[in-house]
Amino acid sequence: MVVDGGSGHACEWEGRWNHIKKFLERSGPFTHPDFEPSTESLSFMLETCKILVIGAGGLGCELLKDLALSGIRNIHVVDMDTIDVSNLNRQFLFRPKDVGRPKADVAADFINSRIPGCCVVPHFKKIQDLDETFYRQFHIIVCGLDSVVARRWMNGMLLSLLVYEDGVLDPGSIIPLIDGGTEGFKGNARVIFPGMTACIDCTLELYPPQINFPMCTIASMPRLPEHCIEYVWMLLWPKESPFGAGVALDGDDPEHIQWVYQRSLERAAEFNITGVTYRLSQGVVKRIIPAVASTNAVIAAACATEVFKIASSAYMPLNNYMVFNDIDSLYTYTFEAERKENCSACSQIPMDLHFAPSSKLQDVLDYLTTSASLQMKSPAITATVEGKNKTLYLQSVASIEQRTRPNLSKTLKELGLTGGQELAVADVTTPQTMLFRLCFTS
Amino acid sequence: MAATRTSKEQKYDRQLRLWGDHGQETLENAHVCLINATATGTEILKNLVLPGIGAFTVVDGHTVTGEDVGNNFFLCNNSIGKNRAQAATELLQELNSDVSGNFVEESPDKLLDNDPEFFHRFSIVIGVHLPESTCLRLGSVLWSASVPFLVCKTYGLIGYMRLVVREHTVIESHPDNALEDLRLDKPFGEFKNHIQSYDLDNMDKKDHSHTPWIIIVAKYLEKWLSEHNGQAPKNYKEKEAFRQFIREGILKNENGVPEDEENFEEAIKNVNTALNPTKIPSTVEDLFNSEQCNNITSQSTAFWVMLRAIKEFVHNEGNGSLPLRGTIPDMIADSQKFVNLQNVIFAEFIFNSNFQKPPESISENDIKLFCKNASFLRVVRCRSLAEEYSVDSVNKDEISELGIDVLSDHPVLFFLISSVCTNSPTVSYVRIYNYQVEEDISKLKLCVNSLLQEYSLNINIKDDYIHEFCRYGAAEPHTVAAFLGGSAAQEAIKIISHQFVPFSNTFIYNAMSQTSATLNL
């Protein structure tokens, strides 16, 4: 693990770290077996410990505050978004004047000026724009993401950093991943030790795939106001291009949403459906998830507590998944998520794909995207055919997509594939190519 | 709907989707009092200021210390030596210009001495790290004035909160997975007429495949009842037979192969819940039997007046059932059939809700909202602090149940020590020097045991817990304060908005094991 030198001493004052010192300098009956009370621990936390926060939104702002006030000074934060006015009800490091500016930058500025000595380094980037050299420098990584795809990518990145010597995992190559998620009044916090405990993909079934309305409902038999709105933005907008040819619908543009709202009202009226509102229209188009400050505060706090426990070795960390819900009273449930033996991400065993030689490549593609344990988005498949590396299908580059599209309707046999051979699959859900073994069924 | 939305609508959009404009209005009319701007206190207030409460007042007689600034986001090192209420108010106010922030540089004890009615103006009072005596005094004032009181403490890795409210009614509890109100066992007149208009045996394929599953189940149930002496399917065997009965109704093609009729599959899948007998939930029955419902006076709140009216509906027009909820879930159907069914059900809801002319103070919309939520009404009542602490009425059962051989990370044992520890007037466990911890352990042990004796509680508290508590030395780590901050703020929002159900009445969080428990003490 490559670690930077610590930041310089900022002004300290008497008693500043009293609340934390009691946990670092005193022995206790419930501490981690490896814990040694010492006055050195505080300087490790302040000078050496380096934490990465992914996301500077609802959870991210809370995480930065929590870590800074727990004695962590070396923090990096990554976020690719800019500030929107709808963030202000909970992302408390931002003010109305900051709307439009990068979240990572504004968050870092605020924390650095409020907490003397704290040095948050912002990265206005996508997580995919940073490489393993970047990620390897951190002791712990905490995620406050709003997308399963991004979580899986991060999960894959940390798995790719693991070093095995003679089949034995080098513990020094493990970077713990703390992951938090919230939705309305529900949330969860989990601790992942890549290569050792259940990873994101081990429990992929906990994230059920998004339910989309069937096309026939949207196109010809709407029943709910949501169906009318989907019709307008998915079918009517491409047909009418109301703001100019090729102008895509921008869920943040009030004029675009207004247009969708008006046309949805008309559509609804045709079918005697009530309930279309501006708020619903925006909610459907942007797939808005309701959010409040309190849930984010709770989940981020739980995550930050785990960072503290692991960084200081003061206590055993959460093992390994906590769920929270305060719709009716307050409810938490803590359990140990289990590793999946054949996890596509962390089990290191190439997954078997069972297909008849007469199956089409399209069938393989469908399986990769719809299987509950894989849920890939737009997989690119390559294989070694007759000794040469061949791209069978790739969606993300238009020219290659066009060239390889005919392969989808060819059979696996026609494509020259043989039983037992490896297929390499790349996808946004993972930073590394995933290997599969093609098993021919009769 | 205006073409331009106000900036407040935009800012609060994500939370308006949870509690609506009417919920937001209650927040904006609320005035919250926070006593003691410790990290726990300011974190709670932050999560109330951000969503836009109308006003807050911080009451704190303490001066800011270096230790205070170390764990509190809303204090700066240049406020050391200043009054803590003033310093915190400045930085909390800065979070949201819609909110009006005030401070009082006084201890709550002083206010209770000189002007106890000061506290009457608040929608809720949140007391953080109050000594027991202050807690009881303040609790008594607020109890008499019917002002909700939320007591919070963070002690080391333990978070604690206690809600004190005489009676809190909730119409919009927003239950997570409520069962639908279909009344298939007691179909109302208009519904029976509506299903008569469907002749499943003589429909064309398109109509057959797009008939709502509710209609399908209703029609097959009618047939079943006539063939089984009016007895609906009751056990698993009968329900299986009923499902098969419906399955046989799926159209077949010329080769006798069943067609793909998703609406019939939906019907089969939903048989179990569809056949649930229409019943008044026990929570509602309990409310019907309560004193407030049976003794309506001029002082009765709208909630009880409306509940009484519903009770009378149940005994008269309702024939033993609540007013119809009036909604149906989405299901495979063509637009017209679905909307028609929806209209029939909604019309019955309107008809039910118009059963009585409401008094002046209650609007038609109030009644409709009440009827719609009739199955989900909740009332929360908490005992006063005086009752909880009194030797005669302490809730021994609740505490003893969690007694002897419980797992080491059970939060409740910590509660006991927590309340003992911070309530003890003579011993302070705020220790700066680590060697003093040993001394404290024996002192605390004596204190705990004498308290247990006083309350005649027969529980053995392991020495390890006592040691752990002394180790904490009254530390208030920020992450634990922040967890409690989020939890407490949302409970305060529930109290103010009367939406969602508050806890009752004690919540304990253990950051060491990341577990929690609620108790009724």
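Author: The following account treats the interface between chain A and chain B and then turns to aromatic pairs.

This is a predicted model, in which local features need pLDDT of at least 70, side-chain atom pairs count only at pLDDT 80 or more, and totals for chains, interfaces and linings use all residues. Residues are numbered from 1 along each chain as its sequence is written, chains are lettered from A and ligands numbered from 1 in the order in which they are written, and side-chain values use heavy atoms, with hydrogens and water left out.

Chain A contributes 83 residues to the contact and chain B contributes 91 residues, contact meaning heavy atoms within 4.5 Å. About 7,400 Å² is buried between the two chains, and carbon and sulfur atoms give 58% of that area; buried area is the accessible area (1.4 Å probe) that two parts lose on being put together, summed over both.

Eight salt bridges are found across the interface of chain A and chain B, a salt bridge being a side-chain nitrogen of Lys or Arg within 4 Å of a carboxyl oxygen of Asp or Glu. Asp328(A) forms a salt bridge with Arg378(B), where the closest N and O atoms are 2.9 Å apart.

Among the elements that give two or more residues to the side of chain A that touches chain B are α1 (18-25), α9 (254-270) and α11 (293-312) of chain A. Helices (H or I, at least four residues) and strands (E, at least two) are DSSP runs, numbered from the N terminus. The most is given by α11(A), with 10 residues. By residue type, this side of chain A divides into 42 nonpolar, 22 polar and 19 charged residues. Here Ala, Val, Leu, Ile, Met, Phe, Trp, Tyr, Cys and Pro count as nonpolar, Asp, Glu, Lys and Arg as charged, and the others, Gly among them, as polar.

Over all chains, the structure holds 26 aromatic pairs. Rings of Phe, Tyr and Trp (its six-membered ring) pair if their centres lie within 6.5 Å; planes under 30 degrees apart count as stacked, over 60 as edge-to-face and the rest as tilted. Phe185(A) and Phe500(B) form an edge-to-face pair, 4.7 Å centre to centre with 70 degrees between the planes. This pair crosses between chains, from the loop between β7 (177-183) and β8 (186-192) of chain A to the loop between α23 (478-497) and β9 (506-510) of chain B. Phe185(A) is buried, at 4% relative accessible area, and Phe500(B) is buried at 5%, where buried means under 20% relative accessible area, exposed over 50% and partly exposed in between (1.4 Å probe, protein chains only).
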